[in-house]
Amino acid sequence: MAADLNEKVERYERLLREALSKADISPIKGSHMLAVAEDYKNMARSYYDDGVHFIKAGDPVNALICFSYGHAWLDAGARLGVFDVDDDVLFTI
């Protein structure tokens, strides 16, 4: 079971890393939705950083949780339209 967990952690880390690089903020400067997009992306990055911390601390369960939550922020932003994305594998679009 540990091998399955470790594989899943590695996969979710990679997915979140790729999604972070592809989630381009789309609202116009100065708009309220720009602040929303920046908040969503900041939350995703924070969860990514926390997940990396948990990997280094030997806690794969919390790492997986962080990577999953981080990706959920990006997915929600994509559905809301604050990220310009075209990858239907990384995002629910």
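Reader: How many residues does H2 have, and what does H2 reach from its first C-alpha to its last?

Author: H2 has 25 residues and reaches 37 Å, close to the 36 Å expected at 1.5 Å a residue. The expected span of a helix is 1.5 Å times one less than its number of residues. Before we go on, this is a predicted model, where local features need pLDDT of at least 70 and side-chain atom pairs count only at pLDDT 80 or more, while totals for chains, interfaces and linings use all residues. Residues are numbered from 1 along each chain as its sequence is written, and side-chain values use heavy atoms, with hydrogens and water left out.

Reader: Thanks! What is the order of the elements from the N terminus on?

Author: They run α-β-α-α-β, which gives the protein three helices and two strands. Both kinds are DSSP runs numbered from the N terminus: helices are H or I with at least four residues, strands are E with at least two. The C-alpha trace spans about 45 × 25 × 15 Å along its principal axes.

Reader: What are the angle and the axis distance at which helix H2 and helix H3 pack?

Author: Helix H2 (residues 32-56) and helix H3 (residues 60-80) pack at about 165 degrees, and their axes are 7 Å apart. Here axes are lines fitted to C-alpha atoms, for helices over the stretch in contact, and angles run from 0 to 180 degrees between N-to-C directions.

Reader: Why is H2 called roughly antiparallel to H3?

Author: Angles over 145 degrees count as roughly antiparallel, under 35 as roughly parallel, 65 to 115 as roughly perpendicular and the rest as oblique. The angle here is about 165 degrees, and that makes H2 roughly antiparallel to H3. By class, their contact has 18 nonpolar, four polar and two charged residues. Nonpolar covers Ala, Val, Leu, Ile, Met, Phe, Trp, Tyr, Cys and Pro, charged covers Asp, Glu, Lys and Arg, and the others, Gly among them, are polar.

Reader: How many aromatic pairs does the structure hold?

Author: The structure holds three. One of them joins Tyr-40 and Trp-73, with 5.0 Å centre to centre and 85 degrees between the planes.

Reader: What makes the pair of Tyr-40 and Trp-73 edge-to-face?

Author: Rings of Phe, Tyr and Trp (its six-membered ring) pair if their centres lie within 6.5 Å; planes over 60 degrees apart are edge-to-face, under 30 stacked and the rest tilted. The Tyr-40 and Trp-73 planes are at 85 degrees, so the pair is edge-to-face. Tyr-40 lies in helix H2 and Trp-73 in helix H3, so the pair ties together parts 33 residues apart in sequence.

Reader: Why is the pair of Tyr-48 and Phe-67 called tilted?

Author: The ring centres of Tyr-48 and Phe-67 are 5.7 Å apart and the planes are at 40 degrees, so this pair is tilted. Tyr-48 in helix H2 and Phe-67 in helix H3 are 19 residues apart, so here too distant parts of the chain are linked.

Reader: Are Tyr-48 and Phe-67 buried or exposed?

Author: Both are buried. Buried means under 20% relative accessible area, exposed over 50% and partly exposed in between (1.4 Å probe, protein chains only). Trp-73, at 29%, is partly exposed. Of the 93 residues of the protein, 32% count as buried.

Reader: How do you know that Gly-51 counts as buried?

Author: The relative accessibility of Gly-51 is 0%, so Gly-51 counts as buried. Gly-51 is found in helix H2, where the buried residues also include Leu-34, Ala-44 and Tyr-48. Between the C-alpha atoms of Gly-51 and Leu-64 there are 6.8 Å in space, with 13 residues in sequence. Leu-64 is among the buried residues of H3.

Reader: What makes Glu-10 count as exposed?

Author: At 57% relative accessibility, Glu-10 counts as exposed. The place of Glu-10 is in helix H1 (residues 2-22).

Reader: And where is Ser-26 found?

Author: Ser-26 is in the loop between strand E1 (24-25) and H2. Its relative accessibility is 36%, so Ser-26 counts as partly exposed. The C-alpha atoms of Ser-26 and Phe-54 are separated by 31 Å.
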